[in-house]
Amino acid sequence: MKNISNEVLKKIKDNNIKPKPRWYFITKNYFIWLIFGISIILGSFAFSMILFIIKQLDWDIYHYIGESFLKTVFISLPYLWLIFLILFIGVAYYNFIHTKRGYRFKFISILLISLIISVTLGTVLYSNGLSENLGNIFFEKIPYYNRLVYTCEKQWMRPERGLLAGTIIEIGLPENSFILRDLDNNRWKIEASKVIWKGKITPATGLKIKLIGKLINDNNFKAMEIRPWQQGQRRFIMEGNR
């Protein structure tokens, strides 16, 4: 035992090893907790975006798309944000086990704690409308974002399948028709003589809507059902140029 102690002391002396000061370990521990907290917050943002994307989709129109319900679910899942959520939870787990007492917790316990916190905070963020604002920013400012995520815009911009969305820009045409500017900034004449209006809405300039109907030709669409862009939306904003 004495020989081992002597060998250790000799090695420390030969390699000029100096003990690290206490502040180093305190700072390191705080830094790890900081990264853990940031990872949880980012995971919360990711979960709020998952909620937003899932909630904004209309799951009852899958037969218009021409797919089964299960295939529609498979296509529609927000895989990008699911990957981010898993990544941030993984980073949170890695940092937690490197905290001062993190090694005492089991793997599944740490994952559940991280996931529960992210889900709870993410739900709060979604309820406050933050994920909707972020989604609009990502859709408008980040190139190819709409190709990476199956958004409501992508779901409804399929006129060949009888689905169309946009903003009313002119009303008062014969037979209750109106002019619509779609989400790709194209103009459509909408035939709406026998249409069913959902959500207690009425035709108005600036109203953003979803239409179910039939494509007549490149610029004409016959509507059979019209829904508000957002359920429960009380005010509608004129769609800007994209």
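Predicted model: local features only at pLDDT ≥ 70, side-chain atom pairs only at ≥ 80, totals over all residues.

Me: Which residues in α5 meet which ones in α6?

Reply: From α5 you get L85, I89, A92, Y93 and F96, and they meet F107, I110, L111, S114, L115 and S118 in α6. By class, that contact has 9 nonpolar, 2 polar and no charged residues. Ala, Val, Leu, Ile, Met, Phe, Trp, Tyr, Cys and Pro count as nonpolar, Asp, Glu, Lys and Arg as charged, and the others, Gly among them, as polar.

Me: What is the angle between the axes of α5 and α6?

Reply: The axes of α5 (residues 79–96) and α6 (residues 107–127) cross at roughly 130° and come within 9 Å. That makes α5 oblique to α6. Under 35 degrees would count as roughly parallel, over 145 as roughly antiparallel, 65 to 115 as roughly perpendicular, and the rest is oblique.

Me: What makes strand β1 mostly covered?

Reply: Count its residues: 6 of the 8 in β1 (residues 163–170) are buried. Buried means under 20% relative accessible area, exposed over 50%, and partly exposed in between (1.4 Å probe, protein chains only).

Me: How do you know that β1 and β5 pair?

Reply: Two strands pair if DSSP finds at least two bridges between them. β1 and β5 (residues 208–217) have 5, in the antiparallel sense, so they pass that test. T167 stands opposite K208 in β5. β1 also pairs with β2 (residues 178–182), antiparallel over 4 bridges, and there I168 stands opposite L180.

Me: Where does β2 go from there, and how many residues lie between β2 and β3?

Reply: β2 and β3 form a hairpin with 4 residues between them, and N185 in the turn has a positive phi of about 70°. They pair antiparallel over 4 bridges, with R187 in β3 as the bridge partner of R181.

Me: Which residues of β3 are on its covered face?

Reply: W188 and I190 are, while R187, K189 and E191 make up the uncovered face. β3 also runs parallel to β6 (residues 220–228), joined by 3 bridges.

Notes: Residues numbered from 1 in each chain as written. Heavy atoms only, no water. Axes fitted to C-alpha atoms, helices over the stretch in contact; angles between N-to-C directions. Helix = DSSP H or I, 4+ residues; strand = E, 2+ residues; numbered from the N terminus. Contact = heavy atoms within 4.5 Å.
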